[in-house]
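Here is a short briefing on one protein model.

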Amino acid sequence: MPRKFFRKYLPSHESIRQNRYIALFGTLLHHPNLWHLNRHSVAGGVAIGLFAGLVPGPLQMLTAAILAVPLRVNLPVALATTLYTNPLTIGPLYLIAYWIGTLLVPGDSAPFSHPPEFDWANFGTWLSASFDWMLSLGKPLAVGLVALAVGLAIAGYVIARLAWRAHVLLAWRRRSARRARRTLG
C-alpha cells in the first residue's frame, strides 16, 4: 500500500513511546506491529475493525483496541476501520444480520418490525428506541451479528492482503519497466 502517504500521518515509534498518555499503559502499546504498516498488521487491523464495527453501542473502538493489542495488529487501522458503521449504515447492517440470523436459526425468529426513524434532534430517544428494537429481534439478530462480523472480518483480511500484494506486484513491474527503459535508452 502507499506507505509513504500514510507515514506522513502516523506517529513515529519514538513519539509514541514518549507520549504521556500512552506511557500510562507501560510497554503494552510498544510493539512495533501496533504502529507500523506491513501486510500482516494492516490486514489484521482491517479484519479487527470490521469485526468490532458490529459491536452494539458505542463500544466499537474500545473493542477494536482490546483485540488489536494482544493480536499485535495495526491499532490506528483497526480503530479507523470501525467507522464504517455510523447512524446511517447501522440500520441496513443490522437488517442484513437479522436476515442471516433467520437463515442460521430457522423457526426461532421474532416477528420483524422496522427500525425506528433516525432523528438528530432526539438522538438519545432514537438510540434508546434502536436498542429496544434490537432486543425485540432476539436470537436471530445476535447470531446474525456474530456471523456477519466474522464474515466481514475474513473478507476484509483477504481483500487487504490481496490489495497489498497487487500493489507490490504493480510496483515491481513499474520498477522493472523503468530499469528496462534505462538500459535501452
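What share of the contacts in the protein with a separation of 6 or more comes from residues 24 or more positions apart? The share is 68%, where contact means heavy atoms within 4.5 Å.

This is a predicted model: local features need pLDDT of at least 70, side-chain atom pairs count only at pLDDT 80 or more, and totals for chains, interfaces and linings use all residues. Residues are numbered from 1 along each chain as its sequence is written, and side-chain values use heavy atoms, with hydrogens and water left out.

**Confidence**
- The average pLDDT (the predictor's confidence in each residue, from 0 to 100) is 83 for the protein.
- A score of at least 70 is reached by 84% of the residues.

**Make-up**
- The protein has eight helices and zero strands (DSSP runs numbered from the N terminus: helices are H or I, at least four residues; strands are E, at least two).
- Of the 185 residues, 32% are buried (under 20% relative accessible area, 1.4 Å probe, protein chains only).

**Helices α7 and α8**
- The axes (lines fitted to C-alpha atoms over the stretch in contact, with angles from 0 to 180 degrees between N-to-C directions) of α7 (residues 90–104) and α8 (residues 123–184) come within 6 Å and cross at roughly 45°.
- The residues of this contact include Tyr-94 and Tyr-98 in α7, and Trp-126 and Trp-133 in α8.
- They divide into 19 nonpolar, three polar and no charged (Ala, Val, Leu, Ile, Met, Phe, Trp, Tyr, Cys and Pro count as nonpolar, Asp, Glu, Lys and Arg as charged, and the others, Gly among them, as polar).

How values were computed
Buried < 20%, exposed > 50% of the residue type's maximum accessible area, 1.4 Å probe, protein only.
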